[in-house]
Amino acid sequence: MKLKGVLSNKNIVLRIVVWFLLILVMTLPTMIIWRAVVGPDPSLSALKTFQVLQTFAVFIVPVLVLAYLSKERPLAWLHLTQGMSLRTVLWVMAMILVLSPGINLLSWLNEQVNLPEWLSAIEAQLQATEEAADALTRLFAEADTIPELLLNLVIMALLPAIGEELCFRGGCQGLFPDGTAGPMPEGDSPYSKRVRLRARTHVAVWVTAFLFSAMHFQFYGFIPRMLLGALLGYLLCFSGSLYVPMLAHFTNNAFAVSCFYLSGKGLVSEEAMETFGSGGTWWMGVISLIAGCLMMYFFARQQSSARHP
C-alpha cells in the first residue's frame, strides 16, 4: 500500500489528529523507557539525554512522518528545498542580535502583569513554574569548558531550533494556508485573491506563534515569545526557506547560552545582559525594536526582489 501522500486530500482536522497520534506513539515509549531505566532521581547527563530524545520524539519525527503522509514532495512542503545566501545568513543573525534589548524590554513588561487578587493562587503557581523552569535552564546551561559549551549549544540551541521550527513553522504553519478559508471564490479578482491569501498567511503566522509560546508553559515570557514566534513565521513567509527561521531561532538561543557561559567566567555580567533594554535602559529596548522592525522590512523587500526580479 502506498503511504506517501495518502493524507494529501484529507482536511486539516484529520491531519492534526494523525499528527497528535504520531506524537503519542513516539512519546509514550520514550517516557516508559525513561522511567524504567533512569528512575526518579536522574543525573544532569541523563536529563540532557532525555531532552535530546524528547526533541526527536515530539518535534522532529512526527512532523517528518506527517509531511510524508500528506504530500508527494514532503521536503518542499516543509520548505527544506531552498537554501540561504551568505547575505541572508549575516542579515538574519545581525537582526536577532539587534533585537536582543527589545526582547528584554518585552520580557520586563510581561513580568509586570499582575493577575487579579482572586487569582492569586494561580499567579503563585505560575511564578513557581517560572522559577522552576529558570532553575532547570540554568542547570542545563552550566559549562566550565569549551567542549561543554559546544554540547550545550547543540542541546539548547541547535536541536530546539531544528525541532521547533520543523514542528511549528514547517508543520503547523504549513497546515493553515490550505485550509483556513477554503478555496478561492471563482469570481474573485486577482486583487481579492491576493488579499485573501495574505489574510490566510497572517492567520497561519499568528495562530502558530500563539501555540509556539503556549507550548513553553511560561506565562511571564508569553508575549515576547509569541512575538518572536511571529517574527520566525514571517521570516519563513518572506524567504520561502525554513532554514532562515531555524538560523534565527538558533542565533537567539545560542546568544543566551553563550552569555551564560561568559558570565560564569566573569567576562560579562549576566544581570546586565538580561536587563539591558529594560528598566532604566528602556529607551535602548525601544530603539532595538524600531531597528529590528526596519531590518525586517528591508529583509522582506530584498527577498521579494530576489524571488520576483
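**Entry 1: ground rules.** I counted three salt bridges, taking a salt bridge as a side-chain nitrogen of Lys or Arg within 4 Å of a carboxyl oxygen of Asp or Glu. I am reading a predicted model, in which local features need pLDDT of at least 70 and side-chain atom pairs count only at pLDDT 80 or more, while totals for chains, interfaces and linings use all residues. Residues are numbered from 1 along each chain as its sequence is written, and side-chain values use heavy atoms, with hydrogens and water left out.

**Entry 2: a charged network.** Which residues are linked in a network of salt bridges? I found Asp134, Arg138 and Glu274. Asp134 pairs with Arg138, and their closest N and O atoms are 3.0 Å apart. Both belong to helix H6 (residues 120–141), four residues apart, so about one helical turn separates them. For helices I use DSSP runs (H or I, at least four residues), numbered from the N terminus.

Arg138 also forms a salt bridge with Glu274, at 3.5 Å from N to O. This pair ties together distant parts of the chain, since Glu274 sits in helix H11 (residues 270–275), 136 residues from Arg138.

I then looked up accessibility, where buried means under 20% relative accessible area, exposed over 50%, and partly exposed in between (1.4 Å probe, protein chains only). Asp134 is partly exposed at 38%, Arg138 is partly exposed at 27%, and Glu274 is partly exposed at 44%.

**Entry 3: a pair in helix H7.** Glu165 and Arg169 meet in a salt bridge of 2.8 Å, N to O. They lie four residues apart in helix H7, about one turn of the helix. Are they buried or exposed? Glu165 is buried at 0% relative accessible area, and Arg169 is buried at 1%.

**Entry 4: the nonpolar cores.** A nonpolar core here is a set of buried Ala, Val, Leu, Ile, Met, Phe, Trp, Tyr and Cys residues joined through side-chain atoms within 4.5 Å. The largest one has 26 residues, and Trp19, Leu66, Leu78 and Leu166 have the most contacts inside it. Helices H1 (12–37), H2 (44–70), H7 (146–175) and H8 (190–215) each supply at least two of its residues. H2 gives the most, with seven.

Setting aside neighbours within four places in sequence, Leu166 touches residues including Phe59, Val63, Leu78, Leu242 and Met246. I also noted a second, separate core of 19 residues, with Val92, Ala230, Leu232 and Leu235 among them.

How values were computed:
Contact means heavy atoms within 4.5 Å.
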